[in-house]
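This report describes aromatic contacts and surface features in one protein model. The sequence and structure come first, and the description follows.

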Amino acid sequence: MAQLNVTSVPWIDSGDAPPLALDRDKRDIISQGIADPLVDYDIVPLTYTNSRWSAFFYRVDEAALRRILPKCVELEDDVVEFWYVDHLHTGLGPYGEMGVTVSVSAKGHDGNTYYAGYYPYMYLTQDAAVFAGREPFGFPKKIAYIVTQEHGGKEDDGYGGFGNDYFNFTMERRGYLIHTATGRYDDAELPAKPSFYGDPKYGRMNLRLITDPSLTTTKWDLTYLPSEVTKATAAAMGRPETEGQHRFQLKPESIRTASAGAIRSWALTATPFDNLGAMMPVKELIGLMSFNFDLIIPGADTIWTQTIERTAEDIGDLLFATPYQYTMRHRFPKPPGV
């Protein structure tokens, strides 16, 4: 029997990546898996260069928005950002992403009021990026199949982005189409944007949930990422000139827009495993804004926390699964490749 074993680790032997966390210090491993962790300290702060962001703006009924928000935050705006992003240059490798951002505020335990864009839904194409956001920050990330494309029109800048006139976006998960949209940029002035757009007082918030293995205790942490680059983060990156700048560094020359009329097709659905289409239906489609940007994500602050306690009786009431009772769950077709 022919056998081939390759014992070198790509990029480490060449010096293009640091040694494995296991070979440095086990304290460097911050994502589960001692032998093969998903996330190490060497990618913190998370940095993104020349990513391409495409944000649909639309209005949602306020009652529907309040339903999906945690009780510790207050709604600030009925215009949401429904976005796709193509990340090509990151410490986690390239990946695609889709999410929803809602303008909210929250009263912290320190008595201050914090304003932020809150993420009720996020989907990604890559596992390391899922856990790098979900475990420490509480980003509600899940794996999905995502395609973002821009094409046609004048010759682009070589990146494949803002020189093109046509766009199409598709997201599928577990064999079901969740969203797709196509159209052509008309560079129109959009009549409304979410409150957090361009306002430096708005950071970003997530709700991080950690449940004890016994299921008796769940800790809720509201995490907050401020907008500005701190002195410590700037120094850690070796870029002191970025202190005080916005973490999200938009490139104005890359902006393209499409009015609601220029969005030729739009389909948003709920699936057996994802409720986005049912929870956040479009009340009014406003338009699309696309642009390139650089981004820095340092550590976050916890501004509010609560611990939920459950008794054995509570758990008995909560655990309602009965094998094969919900037979439709068992009969859905398998995703491609399974």
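A charge sits over a ring if NZ of Lys or CZ of Arg is within 6 Å of the ring centre and within 35 degrees of the ring normal. Lys 141 has its charged end over the ring of Phe 139, 4.9 Å from the ring centre. Over the face of Tyr 115 lies Lys 201, at 4.2 Å from the ring centre.

The model is predicted, so local features need pLDDT of at least 70 and side-chain atom pairs count only at pLDDT 80 or more, while totals for chains, interfaces and linings use all residues. Residues are numbered from 1 along each chain as its sequence is written, and side-chain values use heavy atoms, with hydrogens and water left out.

The structure holds 25 aromatic pairs; rings of Phe, Tyr and Trp (its six-membered ring) pair if their centres lie within 6.5 Å, with planes under 30 degrees apart counted as stacked, over 60 as edge-to-face and the rest as tilted. Two of these pairs are set out here.

| Pair | Centre to centre | Angle between planes | Class |
|---|---|---|---|
| Tyr 48 and Tyr 95 | 6.4 Å | 75° | edge-to-face |
| Trp 53 and Phe 293 | 5.6 Å | 80° | edge-to-face |

Strands (E, at least two residues) and helices (H or I, at least four) are DSSP runs, numbered from the N terminus. Tyr 48 lies in strand S1 and Tyr 95 in strand S5 (residues 95–107), so their pair ties together parts that are 47 residues apart in sequence. Trp 53 is in strand S1 and Phe 293 in strand S15 (residues 284–297), so that pair joins parts 240 residues apart in sequence.

Buried means under 20% relative accessible area, exposed over 50%, and partly exposed in between (1.4 Å probe, protein chains only). Tyr 48 counts as buried at 5% relative accessibility, and Tyr 95 counts as buried at 4%. Trp 53 is buried at 7%, and Phe 293 is buried at 0%. Trp 53 and Phe 293 also belong to a cluster linked by ring pairs, together with Trp 83, Tyr 119, Phe 137, Phe 139, Phe 248 and Phe 291.

Val 44 lies in the loop between helix H1 (21–24) and strand S1 (46–59). At 44% relative accessibility, Val 44 counts as partly exposed. Val 44 and Thr 90 are 11 Å apart in space, C-alpha to C-alpha, and 46 residues apart in sequence. Leu 20, in the segment before H1, is partly exposed at 37% relative accessibility.
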